[in-house]
Amino acid sequence: MNIVSGCVLHFEGGNPLEISRAELKQKFADETEEKLCFLDFDKGNASGSMRFKEEGSAKRAMEAFLGDDGKFEVGGVELKFKVLEDEEEKEYWEKFRQARQSKGNQRGKSSGRRGGGRRAFKRGGDGYQGSRKKRFRDN
């Protein structure tokens with residue numbers, strides 16, 4: 001895992017944001033030229049984080065978002081930004097690593113059932129039917 005410092009920007013609003021993740025991502029992308037790699041946010045949450053591609057890009061993005069008036073509103077909610085540094089940044093990357101690892105552990109696991117379930121066997125005049133192979137009796 002490639003850890004880049006200064007690329008995580010945390011945002012928080014006083015109220016839950018009633019905007020979709022895709023809409024929020026587009027709004028952020030419209031305001032800055034920094035390459036947004038990941039947006040950690042779900043509709044209805046009051047806060048989230050975004051990760052950019054390059055070192056130091058979170059600070060540049062924050063400056064672009066705040067602009068001249070120092071405010072950034074989404075859906076009538078003013079957002080406050082903070083670049084994660086030191087311990088906060090380490091905690092973010094640790095949570096990211098754990099989430100990525102647990103997601104990787106889930107790959108390839110089945111839901112507990114194996115095979116096609118129950119098969120109905122019917123007695124016929126010349127053998128059993130319902131299986132993929134027909135079995136015939138000599139008698």
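In this predicted model, the largest nonpolar core comprises 28 residues. Those with the most contacts inside this core are Leu9, Phe11, Phe28, Met50, Phe52, Phe65 and Phe81. Two or more core residues are given by each of strand 1 (8–13), helix 1 (21–31), strand 2 (36–40), strand 3 (47–52), helix 2 (57–66), strand 5 (77–83) and helix 3 (86–106). In soluble globular proteins, nonpolar side chains tend to be buried together.

Apart from neighbours within four places in sequence, Leu9 is in contact with Gly48, Ser49, Met50 and Phe52, with Ala58, Ala61, Met62 and Phe65, and with Phe81, Lys82 and Val83.

The buried residues of helix 2 are Ser57, Ala58, Ala61, Met62 and Phe65. These residues lie on the same side of helix 2, because they cover an arc of only 135 degrees around the axis. An α-helix has 3.6 residues a turn, so residues three or four places apart point the same way. The packing partners of the buried residues of helix 2 are strand 1, helix 1, strand 3 and strand 5.

Lys59 also belongs to helix 2. Just after helix 2, Gly67 adopts a positive phi of about 55 degrees.

**Two loop residues**

Glu34 is located in the loop between helix 1 and strand 2. With a relative accessible area of 18%, Glu34 counts as buried, because the cut-off for that class is under 20%. Residues up to four places away in sequence aside, Glu34 touches Phe52, Ser57, Arg60 and Ala61. Of these, Ser57 and Ala61 are among the buried residues of helix 2, and Phe52 is among the residues with the most contacts inside the largest nonpolar core.

Asn15 is located in the loop between strand 1 and helix 1. Asn15 is partly exposed, since its relative accessible area of 48% falls between the limits of 20% and 50%. Residues up to four places away in sequence aside, Asn15 touches Ala46 and Val77.

| Pair | Separation in sequence | C-alpha to C-alpha distance |
|---|---|---|
| Lys59 and Leu9 | 50 residues | 7.6 Å |
| Asn15 and Val77 | 62 residues | 6.7 Å |

**The largest pocket**

The volume of the largest pocket is about 400 Å³. Its lining has 15 residues, of which Asp40, Ser49, Tyr92, Lys95 and Phe96 are the closest to the centre. Strand 2, strand 3 and helix 3 each supply at least two lining residues. Helix 3 makes the largest contribution, with 8 residues. By class, the lining has 7 charged, 5 nonpolar and 3 polar residues.

**The chain as a whole**

The chain contains 3 helices and 8 strands, arranged along the sequence in the pattern β-α-β-β-α-β-β-α-β-β-β. Of its 139 residues, 28% count as buried. Among contacts between residues at least 6 apart in sequence, 63% join residues at least 24 apart. The pair of Asn15 and Val77, 62 residues apart in sequence, is one of the contacts of Asn15.

Key
Residues numbered from 1 in each chain as written. Predicted model: local features only at pLDDT ≥ 70, side-chain atom pairs only at ≥ 80, totals over all residues. Heavy atoms only, no water. Core = buried A, V, L, I, M, F, W, Y, C linked by side-chain atoms within 4.5 Å. Buried < 20%, exposed > 50% of the residue type's maximum accessible area, 1.4 Å probe, protein only. Helix = DSSP H or I, 4+ residues; strand = E, 2+ residues; numbered from the N terminus. Contact = heavy atoms within 4.5 Å. Arc of directions from axis to C-beta. 1 Å grid on protein atoms, 1.4 Å probe; cavity = no way out; pocket = protein on both sides within 12 Å on 5 of 7 lines; lining within 4 Å. Points joined across faces, edges and corners; volume = space filled by probe spheres on them. Nonpolar A, V, L, I, M, F, W, Y, C, P; charged D, E, K, R; others polar.
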